[in-house]
Amino acid sequence: TLFSVACMFVAYLAYVAAFGVNVPFWDEWELLPRFQRFYSGSMPFAELIGSKHNEHLIGTAFSVMLFQHLITGFNVRALLFSDAVLQVLSVVLVFVIARRERLLEGKSLYVYAAAITAALLSLAQYKNALWGFQTAWYLITFFFLLSIYLLSGAADRTAPRGAIVRQTFLAAIPAVLASFTSFHGVLIWVAGAAYLLARREIRLRRAFTDAAFVCWLVMACATLAVFGSVYASKGLGGPGGHSVRALLEAPLVPIGIFVGTYGSIVGSAGRTLVLAVALTLFALIGVLAWWCLRRAADRRLYAAPLAMIVFSLLFSALVAAGRAPSGIGAARDSHYTAYTTL
């Protein structure tokens, strides 16, 4: 198992080495004027952190990319390798979370590690692997899983309230960074809330008496308030601005995009196979939900998978709504498989 995991790591890095090129692509050209201003010292750090791109507040990602470009002399290919390292770290985090949560034990845990490696390092998302601008998405995957890992430290209901509060605030730090990495980073707050509700066995009517949940909610509200004010100050433009009209004129298009983002993990396959894969995944999610709610002896074990599924579904719904004006073809864009693999 460990050998197969190592082979997948090497294969992913080899793919980047073979096909990655040192040329900015598409949205990546947006970095050039910012890099020039930052390099010359005419861009204040506060302006960099508040950077907006299309519908996204992307300051965290721009900061990481610009600092790396300063170190490497604007070498886009170096960015691709650092993205690969980030994704490998995300794979490790999923394994560590599963082990810490005792989701699986013994040989089953290592089989799970191989499966999750195959999913997160899948070349179905080849566009992300070869596009330096997607550093933002790799960062969000890492921040999301890091938040869940840190939240698991606040899962013990017998721990002192102060320790639970400290651990929850610590887990909120990656979520704050993700919120200013790309728009879908804010979904981590919802997925984290779902994790806490399941892991700490919180009933909804008593949620506001739970220290961890309340702290997470306070941090979420504070972050979203800052996010909203910065976003409004930068203007509300972006390709997603016509989404409402598109949803009203062709409501089946976003449904097709939503389903297609899951089916597209098999790559450029025929529509029948894409649909079959998507429906199979939805069926598996349904079985897991039914098992967790009706049959599982210890539902807390399913908190981490629940958080990953919630984040994935919300992301695909956001893509479906935002890219509805582009038509059903958006479902086949490989970079949207970044989170459906979760």
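Trainee: With which residue does the side chain of Arg 200 meet in a salt bridge, and at what N to O distance?

Mentor: The side chain of Arg 200 meets that of Asp 210 in a salt bridge, with 3.0 Å from N to O. This pair links distant parts of the chain, although Arg 200 and Asp 210 are both in the loop between α10 and α11 (211-233), ten residues apart. Before going further, note that this is a predicted model, in which local features need pLDDT of at least 70 and side-chain atom pairs count only at pLDDT 80 or more, while totals for chains, interfaces and linings use all residues. Residues are numbered from 1 along each chain as its sequence is written, and side-chain values use heavy atoms, with hydrogens and water left out.

Side chains of opposite charge can pair when their charged atoms come close. The rule applied here asks for a side-chain nitrogen of Lys or Arg within 4 Å of a carboxyl oxygen of Asp or Glu, and by this rule the count comes to two salt bridges. The other one joins the side chains of Arg 199 and Glu 101, at 3.2 Å from N to O. That pair also links distant parts of the chain, with Arg 199 in helix α10 (residues 187-199) and Glu 101 in helix α5 (residues 76-101), 98 residues apart. Helices here are DSSP runs of H or I with at least four residues, strands are runs of E with at least two, and both are numbered from the N terminus.

Burial is the next point: Arg 200 and Asp 210 are both buried, and Arg 199 and Glu 101 are buried too. Buried means under 20% relative accessible area, exposed means over 50%, and partly exposed lies in between, judged with a 1.4 Å probe and protein chains only.

A further arginine, Arg 34, is found in helix α2 (residues 31-40), and it counts as buried because its relative accessible area is 16%. Leaving aside residues up to four places away in sequence, Arg 34 touches Met 43, Ser 51, Lys 52, Phe 62 and Leu 66, where contact means heavy atoms within 4.5 Å. Lys 52, one of these neighbours, lies over the face of Tyr 231, at 4.8 Å from the ring centre. A charge sits over a ring if NZ of Lys or CZ of Arg is within 6 Å of the ring centre and within 35 degrees of the ring normal.

Gln 134 is found in the loop between α7 (126-129) and α8 (135-151), and it counts as buried because its relative accessible area is 2%. Again without residues up to four places away in sequence, Gln 134 touches Asp 83, Asn 128 and His 335.

Trp 26, in the loop between α1 (2-19) and α2, has a phi near 55°, a positive value in a residue other than glycine. Phe 74, in the loop between α4 and α5, also has a phi near 55°, again positive in a residue other than glycine. At 15% relative accessibility, Phe 74 counts as buried.
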